[in-house]
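Here's a quick briefing to read alongside the structure.

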Amino acid sequence: MAPPRLVPPCTAPISGADSLRAEVRRFLSEQRAAGAYTPTPDAWLCAWDEEFTAALAERGWLGMTVPVAYGGHGRSFLERFVVTEELLAAGAPVAAHWIADRQIVPSLLKYGTEEQKTEFLPRIARGQCFFGIGMSEPDAGSDLAAVRTRADRVDGGWQLTGTKVWTSGAHLAHAFIALARTAPLDPQHRHAGLSQFIVNLRGPGVEVRPIVSMNGSHHFNEVILDGAFVPDDMVFGTLGEGWTQVTSELAFERSGPERFLSTFVLLDACAEAAAAQSDSRSGELGRLVARVAGLHQMSSAVAGALERHEPADVAAAVVKVLGTTTEGDIAEFAHLSVGPEAPQRFTAMADLSVDQRPGFTLRGGTNEVLRGVIARGLGIR
């Protein structure tokens with residue numbers, strides 16, 4: 001008899017969580033049986049499937065935290081956590097909607113104008129509007145205060161000029177939120193003078209250039225803004241408050257289950273292999289499973305803090321540092337486990353995870369920078 005599939009532990013008790021988790025698992029099992037998708041590591045970044053996104057939207061699993069008045073479902077962050085965790089654990093193709101649902105939705109709810117909420121939230125909840133993130137630049141990766149993209153005031157709006165890099169899905173997305181300077185850099189106050197704008201990625205003055213990974217995959221891009229016009233009604237939040245807004249958004253980006261479940265399907269495969277035969281490395285495998293279980297508890301605790309509108313920047317940074325390190329260790333463990341008798345699919349997943357490993361600790365802020373965030377948050381100098 002086949003061993004049971006390794007699954008993440010249930011979240012802390014919330015109303016309907018067990019039935020919701022079971023419902024998502026049934027759906028995913030049916031989708032795999034129908035050949036709708038093949039599980040893959042890092043699917044939230046690499047596996048773009050708009051039909052799968054539409055199927056999730058039909059079941060009410062997009063825009064879960066969006067109020068009903070804006071076309072959403074008015075559910076909790078913890079309920080959303082249950083759904084996203086199951087999707088990640090199953091290696092489902094969720095890249096199309098991931099950034100919009102994870103990061104743009106809470107940002108719009110917190111900083112968006114009524115017009116922006118009405119324009120974008122219903123479409124995101126229907127799986128019809130996809131977003132990217134326009135933060136990093138060639139000389140401003142984790143040091144976002146060094147961004148050089150400039151926004152100049154023109155009649156009726158703003159003109160953006162500059163370059164953004166590592167923009168996941170920009171070649172397929174409809175828009176991104178760009179961080180730009182609306183005031184000259186003040187060396188004494190580097191975080192001042194930054195603002196955010198909702199930019200139409202398919203509009204004039206925007207060129208999207210592919211960044212192809214060493215393994216031949218394409219999900220990153222360079223976005224050239226050459227005088228791209230952004231009307232006044234697409235200014236996001238308050239002018240000059242871009243830094244405060246960005247740091248708030250990063251709590252959603254850094255703390256989610258994608259920071260420790262990107263390689264979960266590979267860990268699952270390792271567990272199945274270990275159960276089927278005597279494995280001298282079972283102790284190491286057990287430690288990896290324990291780390292994932294601990295990270296699950298930490299990440300769900302951050303989701304609870306966000307639900308209560310409590311600060312979670314430091315806790316999110318801790319989850320990101322520990323989670324992405326664990327993901328990389330899983331990739332290395334699996335890669336070292338590949339032998340001549342290993343199934344081709346297992347070998348392919350292990351190879352992909354090792355290829356992606358450097359990015360785990362870079363995206364969302366490098367782990368080195370985040371250790372500084374953690375130290376400062378704990379009052380360590």
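Helices here are DSSP runs of H or I with at least four residues, numbered from the N terminus. By that count, Phe264 sits in helix 8, which covers residues 264-276. Keep in mind that this is a predicted model.

**Overall layout**
- The protein splits into domain 1 (17-129), domain 2 (133-240) and domain 3 (256-378).

**Phe264**
- Phe264 and Glu327 are 63 residues apart in sequence, yet their C-alpha atoms are 7.9 Å apart in space.

**Thr65**
- You'll find Thr65 in the loop that links helix 3 (50-58) and helix 4 (77-89).
- Its relative accessibility is 14%, so Thr65 is buried too.
- Leaving out residues up to four places away in sequence, Thr65 touches Arg75, Ser76, Phe77, Arg80, Val105 and Leu109.

**Two positive phi angles**
- Asp42 isn't a glycine, but its phi is positive, at about 55°.
- Look for Asp42 in the loop between helix 1 (17-33) and helix 2 (43-46).
- With a relative accessible area of 2%, Asp42 is buried.
- Trp166 isn't a glycine either, and has a positive phi of about 55°.
- That Trp166 belongs to the loop between strand 3 (157-164) and strand 4 (175-181).

How values were computed
Residues are numbered from 1 along each chain as its sequence is written. This is a predicted model: local features need pLDDT of at least 70, side-chain atom pairs count only at pLDDT 80 or more; totals for chains, interfaces and linings use all residues. Side-chain values use heavy atoms; hydrogens and water are left out. Buried means under 20% relative accessible area, exposed over 50%, partly exposed in between (1.4 Å probe, protein chains only). Contact means heavy atoms within 4.5 Å. Domain bounds come from an automatic or database domain assignment.
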